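Colleague: I would like a close look at a single part of this chain, with the terms spelled out as you go.

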Amino acid sequence: RLGDRGRIARHMAADAVVFDPAKVADTATFASPFSYPVGITAVIVNGAIAVREGEGRDSRTGRGLRAG
(Lines give C-alpha, C1' and ligand atoms only; values in the text may rest on other atoms or scores of the structure.)
Protein backbone atom coordinates (compact mmCIF):
# COMPACT_ATOMS: atom_id res chain seq x y z
CA ARG A 1 0.00 0.00 0.00
CA LEU A 2 2.98 2.31 -0.39
CA GLY A 3 3.07 2.40 -4.16
CA ASP A 4 3.46 6.19 -4.21
CA ARG A 5 6.73 6.07 -2.23
CA GLY A 6 10.36 5.35 -3.01
CA ARG A 7 11.18 7.81 -5.76
CA ILE A 8 10.83 11.47 -6.59
CA ALA A 9 8.48 11.91 -9.53
CA ARG A 10 5.20 13.58 -10.44
CA HIS A 11 2.20 12.29 -8.45
CA MET A 12 4.46 10.58 -5.89
CA ALA A 13 4.50 11.33 -2.15
CA ALA A 14 7.93 12.97 -2.09
CA ASP A 15 9.71 12.96 1.28
CA ALA A 16 13.29 14.22 1.15
CA VAL A 17 16.00 15.81 3.29
CA VAL A 18 18.47 18.25 1.73
CA PHE A 19 21.69 18.36 3.75
CA ASP A 20 25.45 18.84 3.72
CA PRO A 21 26.97 15.69 5.29
CA ALA A 22 30.14 17.60 6.21
CA LYS A 23 28.14 20.11 8.30
CA VAL A 24 25.36 18.04 9.92
CA ALA A 25 25.54 18.21 13.71
CA ASP A 26 23.03 17.68 16.50
CA THR A 27 22.39 20.79 18.61
CA ALA A 28 19.87 19.30 21.04
CA THR A 29 20.77 18.89 24.70
CA PHE A 30 18.94 17.54 27.74
CA ALA A 31 18.14 21.15 28.69
CA SER A 32 17.01 22.07 25.14
CA PRO A 33 15.81 18.83 23.46
CA PHE A 34 13.81 20.42 20.61
CA SER A 35 16.68 22.24 18.92
CA TYR A 36 17.05 21.67 15.17
CA PRO A 37 20.36 20.24 13.95
CA VAL A 38 22.68 22.36 11.80
CA GLY A 39 23.65 21.45 8.24
CA ILE A 40 20.14 20.48 7.13
CA THR A 41 18.91 22.91 4.49
CA ALA A 42 15.38 21.58 4.02
CA VAL A 43 12.97 18.78 4.93
CA ILE A 44 10.26 18.08 2.36
CA VAL A 45 7.17 16.08 3.36
CA ASN A 46 4.68 15.03 0.66
CA GLY A 47 6.17 17.64 -1.67
CA ALA A 48 5.79 20.57 0.77
CA ILE A 49 8.65 22.21 2.65
CA ALA A 50 8.28 21.36 6.37
CA VAL A 51 11.63 22.81 7.53
CA ARG A 52 13.84 25.31 5.73
CA GLU A 53 17.13 26.71 7.06
CA GLY A 54 16.34 25.52 10.59
CA GLU A 55 12.86 27.03 10.74
CA GLY A 56 9.71 24.92 10.80
CA ARG A 57 6.85 25.68 8.44
CA ASP A 58 3.19 25.08 9.17
CA SER A 59 2.76 22.73 6.19
CA ARG A 60 1.06 19.84 8.08
CA THR A 61 1.34 17.59 5.05
CA GLY A 62 2.69 14.51 6.82
CA ARG A 63 0.64 11.61 8.12
CA GLY A 64 1.43 8.50 10.06
CA LEU A 65 1.75 5.16 8.28
CA ARG A 66 0.14 2.15 9.90
CA ALA A 67 1.67 -1.31 9.77
CA GLY A 68 -0.35 -4.17 8.35
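Colleague: Which residues make the nonpolar surface patch of about 260 Å²?

Modeller: This is a predicted model, in which local features need pLDDT of at least 70 and side-chain atom pairs count only at pLDDT 80 or more, while totals for chains, interfaces and linings use all residues. Residues are numbered from 1 along each chain as its sequence is written, and side-chain values use heavy atoms, with hydrogens and water left out.

The patch is made by Val17, Phe19 and Val24; a patch here takes residues with over 30% relative accessible area and no salt bridge, and nonpolar side chains (Val, Leu, Ile, Met, Phe, Trp, Tyr) are joined within 5 Å, like charges within 9 Å. A salt bridge would be a side-chain nitrogen of Lys or Arg within 4 Å of a carboxyl oxygen of Asp or Glu, and the areas come from the Shrake-Rupley method with a 1.4 Å probe, only the protein chains shown counting as cover for residues.

Phe19 lies in strand β1, residues 16-19, where a strand is a DSSP run of E with at least two residues, numbered from the N terminus. Because its relative accessibility is 46%, Phe19 counts as partly exposed, the class between buried (under 20%) and exposed (over 50%).

As for the setting, 9% of the 68 residues in the chain count as buried, and the accessible surface of the chain comes to about 5,700 Å², with 55% belonging to carbon and sulfur atoms. Read along the sequence, the pattern is β-β-β-β.

Conventions. Helices (H or I, at least four residues) and strands (E, at least two) are DSSP runs, numbered from the N terminus. Buried means under 20% relative accessible area, exposed over 50%, partly exposed in between (1.4 Å probe, protein chains only).
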